[in-house]
Amino acid sequence: MNTFSHDTFISPFTWRYGSEEMKNIYSEVHKRKLLRRIWIALAKAEAKAGLVTDEQIAELEAHKDDINIARATEIENEIKHDLMAEIKTYAEQCPNAGAIIHLGATSMDILDNMDAVRLKEALNIIISRVDELINTFKTKVEEYKDVPCMAFTHLQPAEITTVGYRFSQTLQDLIDDRKELEFVLDSIRGKGLKGAVGTAASYCELVNGSELSAIELEKAVMDELGIKAYDAATQIYTRKQDLRVIAVLSSICATMYKFAADFRIMQSPPIGEWSEPFGKKQVGSSAMPFKRNPINCEKIDSLTRFVSAQYNVAWQNSVTTFLERTLDDSANRRIILPECFLATDECLSTLNRVVSGMQIHKSGIERLLASYGLFSATERLLMELGKRGANRQEMHEVIREESLKAWAEVQAGKDNPLLTYLCNRSEINAFMTTDEIKEYMDASLYTGDASKRCDLVISRI
């Protein structure tokens, strides 16, 4: 039997990333219990055709949880077939029913239906995590929808937005991700019971002469498992299904990557508006004791990048299982399916903790508004001047000249003198008093309908 400890390689997903709930779904014990559940469902359906007795089903039920990985591994080392090893292990535990386990089936009748069940279980966990994150973002949007802050385009100060409106962009994406998740979850189907090349020939032969057809046998099994079957399959269900699953996980990861990357920018001291939760004894750097690095958002960006890269693997799997089946997909599916779910699960939980406990620094917000907010307010002033009959092009040039002079002062580390410069221009004074100029140069009021749009996003939840 293989034993695993920190003395040998183990995946970081074994002990570092992902919830215990998700790890359980992709554990060997849970997998083997699902396999036995499918064999029992098959036996029950075959009993309707007179092929299996009630006593045999009872024996299978009695040992459905008696997983013995050590014995199965011992057998596999000898016969070099993992599913047959599990069948033989189960059969040893069931002397009366052992002969009918897997009757009529090929390996992928069992394994692909098992994977379909796990996909549904794992997707339900992801949906619950997304729901938690949506509610966390909703709270932030509501709390900060009216708090003005600098917006950036091209990573340069632009106009004014609100903190809540910035959160609402991610909230909106998460709501869309949630809908895509539901669609994919509802679309999950198993292979069904269709045999070696998908024609169900073995089952047709088994039920021949009974009142049960192979299609009815398949439906009975799938009803017992609580999943639907594809109408057509080869030896496997179409690997486009895996591609859809990886695609929706990748899409969620894109939402998280974008927000986490922006968070890292917002935590950078030159901006300094946000920061991650930071424990009293948390160490930011082994060399620089003062550091407070955004390690959680960096982890999110690292793991989501990993998930996005698996889309190509799933794509290749969907096109290179030639004709009715090859094993091009088999080994990597043992890796990419659980690890994509575990990585996405870890990132959703981490981001929820970050957003729930994050600090929003009003001093940083006000500092940026004081330095750059006046520049964005010039557009508001320009609009009002146009409404009062001023020549838009002439006013644009006046404001541009004074803005460039003021920008040079800000770049030199001085206070922004733009308001003073504009109040002293006779071209503007011809249309507005000094007090009016100051009123329209209040950047905090130049947030458009950001607050209302926050409410529109929230209303979609």
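Student: Hi! Is H361 buried, partly exposed or exposed?

Tutor: Hello! This is a predicted model, and in it H361 is partly exposed, because its relative accessible area is 26%.

Student: Where is H361 found?

Tutor: H361 belongs to the loop that links strand 6 (359–360) with helix 14 (362–387).

Student: And what is H361 in contact with, leaving aside its neighbours within four places in sequence?

Tutor: Setting those neighbours aside, H361 is in contact with G272, E273, W274 and S275. Take W274: 87 residues separate it from H361 in sequence, while their C-alpha atoms are 5.9 Å apart in space.

Student: Nice. Let's switch to T304. Where is that, and is it buried or exposed?

Tutor: T304 is in helix 12 (residues 295–320). T304 counts as buried because its relative accessibility is 3%, and the cut-off for buried is under 20%.

Student: Which backbone oxygens does the side chain of T304 reach?

Tutor: The backbone oxygen of I300 is 2.7 Å from a polar atom of the T304 side chain. That side chain also reaches the backbone oxygen of D301, at 3.3 Å.

Student: What does T304 touch beyond four places away in sequence?

Tutor: There T304 touches C253, M256, Y257 and C347.

Student: What about W315, which helix is it in, and how exposed is it?

Tutor: W315 is found in helix 12 too. At 40% relative accessibility, W315 is classed as partly exposed. Together with Y311 and V319, W315 forms a nonpolar surface patch that has about 270 Å² of accessible area.

Student: Changing topic: how many salt bridges does the structure hold?

Tutor: There are 41 salt bridges. One of them pairs the side chains of D455 and K145, at 2.8 Å from N to O. D455 sits in helix 19 (residues 450–459) and K145 in the loop between helix 7 and strand 1 (148–153), so this pair ties together parts 310 residues apart in sequence.

Student: Which residue does R400 form a salt bridge with, and how many residues apart are they?

Tutor: R400 pairs with E397, and their closest N and O atoms are 2.8 Å apart. The two are three residues apart in helix 15 (residues 392–411), so about one helical turn separates them. R400 is partly exposed, at 38%, and E397 is partly exposed as well, at 30%.

Student: Why do residues with that kind of spacing point the same way?

Tutor: An α-helix has 3.6 residues a turn, so residues three or four places apart point the same way.

Student: Last one: what should helix 6 span, and which helices do its buried residues pack against?

Tutor: Helix 6 (residues 82–93) has 12 residues, so at 1.5 Å a residue it should span 16 Å; its end C-alpha atoms are 17 Å apart, which agrees. Its buried residues are L83, A85, E86, I87, T89, Y90 and Q93. They pack against helix 3 (28–47), helix 4 (54–62), helix 5 (69–79) and helix 7 (107–144).

Technical notes:
Residues are numbered from 1 along each chain as its sequence is written. This is a predicted model: local features need pLDDT of at least 70, side-chain atom pairs count only at pLDDT 80 or more; totals for chains, interfaces and linings use all residues. Side-chain values use heavy atoms; hydrogens and water are left out. Helices (H or I, at least four residues) and strands (E, at least two) are DSSP runs, numbered from the N terminus. Buried means under 20% relative accessible area, exposed over 50%, partly exposed in between (1.4 Å probe, protein chains only). Contact means heavy atoms within 4.5 Å. The expected span of a helix is 1.5 Å times one less than its number of residues. A polar contact is a pair of N or O atoms within 3.5 Å; within protein, one must be able to donate a hydrogen and the other to accept it, and residues adjacent in sequence count only if both atoms are side-chain atoms. Patches are made of residues with over 30% relative accessible area and no salt bridge: like charges are joined within 9 Å, nonpolar side chains (Val, Leu, Ile, Met, Phe, Trp, Tyr) within 5 Å. Accessible areas come from the Shrake-Rupley method with a 1.4 Å probe; for residues, only the protein chains shown count as cover. A salt bridge is a side-chain nitrogen of Lys or Arg within 4 Å of a carboxyl oxygen of Asp or Glu.
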